[in-house]
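This report goes through one protein model section by section. Please read it alongside the sequence and the coordinates.

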Amino acid sequence: MSPLRSLFATLFPRTCACCGDVLVGDERRLCLRCIAGLEYLPSSAAPDNVAERKLLGRFDFVAAMALCSYVKEGVARSVVHAMKFRGNTELCVEMGRQLGMALLRDGRFDGVDVLLPIPLHWLRRLGRGYNQSALLCRGIAQVWPRPVSVGDVVRHRYTRRQSLQKASRRVENVHRAFRVKHPERLAGKHVLIVDDVLTTGATVAACASVLAAVPGVRISVAALTVT
Ligand SMILES: [Zn+2]
């Protein structure tokens with residue numbers, strides 16, 4: 001390391017986005033302790049796949065998985081908060097890489113052709129400055145190369161934040177929120193819908209329901225966390 005870089009690193013040390021500890025060596029965005037402390041779920045083929053249980057019967061899908069469990073006081077929850085509400089875009093990409101490595105190991109997603117981040121309404125995107133699911137997809141593609149669908153499905157209705165809705169209101173809140181703008185680009189493809197938090201599954205189901213009308217499309221789902 002050059003003396004100038006070394007001085008810069010001393011004055012402005014890189015810190016873990018979750019616990020705030022100084023990062024060392026190859027650690028990126030999160031320290032190894034936080035990465036190891038994430039509430040990991042077993043592979044998607046293990047019995048009682050929570051992500052699949054939430055989506056079963058709502059639309060046809062090939063496979064669904066979530067990397068971590070989203071629990072109160074959990075590491076994964078802090079990570080998602082840093083991704084969404086503290087503007088940590090690089091953390092979004094890093095967590096996408098973690099999700100991508102899990103998809104690579106899993107094996108049930110090998111036939112996926114394209115990654116589809118859950119679209120944000122343009123107003124919400126303007127407010128936050130980025131779509132955290134799109135950044136997750138960018139990270140996934142770095143370790144598990146697949147094209148990322150941009151603008152093929154749009155969120156044309158502004159909806160209140162799902163996390164502020166009661167479970168019973170969530171389906172209604174996202175009803176007809178999405179529209180497939182370019183069906184020709186997705187026809188015949190195996191599409192992986194990517195989301196940061198799978199709660200009731202209402203948002204993913206609403207997106208999948210419009211996608212299912214595209215000829216020959218098959219759908220899988222990957223979420224960073226599941227409640
Ligand atoms: Zn940490």
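Helix 5 is followed by glycine 107, which has a positive phi near 90°. Helices here are DSSP runs of H or I with at least four residues, strands are runs of E with at least two, and both are numbered from the N terminus. The model is a predicted one, in which local features need pLDDT of at least 70 and side-chain atom pairs count only at pLDDT 80 or more, while totals for chains, interfaces and linings use all residues. Residues are numbered from 1 along each chain as its sequence is written, and side-chain values use heavy atoms, with hydrogens and water left out.

Helix 5 covers residues 89-106, 18 residues in total, and its first and last C-alpha atoms are 26 Å apart, close to the 26 Å expected at 1.5 Å a residue; the expected span is 1.5 Å times one less than the number of residues. Because 13 of its 18 residues are buried, helix 5 is largely enclosed by the rest of the structure. Buried means under 20% relative accessible area, exposed means over 50%, and partly exposed lies in between, with a 1.4 Å probe and protein chains only. Cysteine 92 belongs to helix 5 and counts as buried at 0% relative accessibility. Its C-alpha lies 8.8 Å from that of alanine 134, 42 residues away in sequence.

## Zinc site

The zinc ion has four protein donors, the SG atoms of Cys16, Cys19, Cys31 and Cys34, lying 2.3 Å from it. Donors are N, O and S atoms within 2.8 Å of the metal (3.2 Å for Na, K and Ca); water is not among the atoms, so sites may look incomplete. Along the chain the donors follow the spacing C-x2-C-x11-C-x2-C.

The site is tetrahedral, with angles of 105 to 116° among the four donor atoms; four donors count as tetrahedral if all angles lie between 85 and 135 degrees. The ideal angle for four tetrahedral donors is 109.5 degrees.

## Loops around helix 2

The loop between helix 1 (3-11) and helix 2 (32-37) contains arginine 29. Arginine 29 has a positive phi near 65° although it is a residue other than glycine, and with a relative accessible area of 30% it is partly exposed. Leucine 23 is placed in the loop between helix 1 and helix 2 and counts as buried at 8% relative accessibility.

Leucine 38 lies in the loop between helix 2 and helix 3 (50-55). It is buried, at a relative accessible area of 4%. Its C-alpha is 9.8 Å from that of serine 78, 40 residues apart along the chain.

Glutamate 73 sits in the loop between strand 1 (64-69) and helix 4 (75-85). Its phi is positive, about 65°, although it is not a glycine. Glutamate 73 is exposed, with a relative accessible area of 73%.

Buried residues of helix 4 include Val75, Ala76, Val79, Val80, Ala82, Met83 and Lys84. Glycine 87 follows helix 4 and has a positive phi near 65°.

## Second largest pocket

The second largest pocket holds about 380 Å³ of space. On a 1 Å grid over the protein atoms alone, a pocket is an open set of points where a 1.4 Å probe fits, with protein on both sides within 12 Å along at least five of seven lines; lining residues have an atom within 4 Å of a point. Grid points are joined across faces, edges and corners, and the volume is the space filled by probe spheres set on the points.

Among the 19 lining residues, Pro117, Asn131, Ala134, Val150 and Gly151 are the closest to the pocket centre. Strand 2 (114-117), helix 7 (132-143) and strand 3 (153-155) each give two or more residues to the lining. By class the lining has 11 nonpolar, three polar and five charged residues; Ala, Val, Leu, Ile, Met, Phe, Trp, Tyr, Cys and Pro count as nonpolar, Asp, Glu, Lys and Arg as charged, and the others, Gly among them, as polar.

## Phenylalanine 178

Phenylalanine 178 lies in strand 4 (residues 178-180) and counts as buried at 3% relative accessibility. Its C-alpha is separated by 19 Å from that of glycine 216, 38 residues apart along the chain.

How values were computed
Four donors count as tetrahedral if all angles lie between 85 and 135 degrees; four count as square planar and six as octahedral if opposite donors are over 155 degrees apart and all others between 65 and 115; anything else is irregular.
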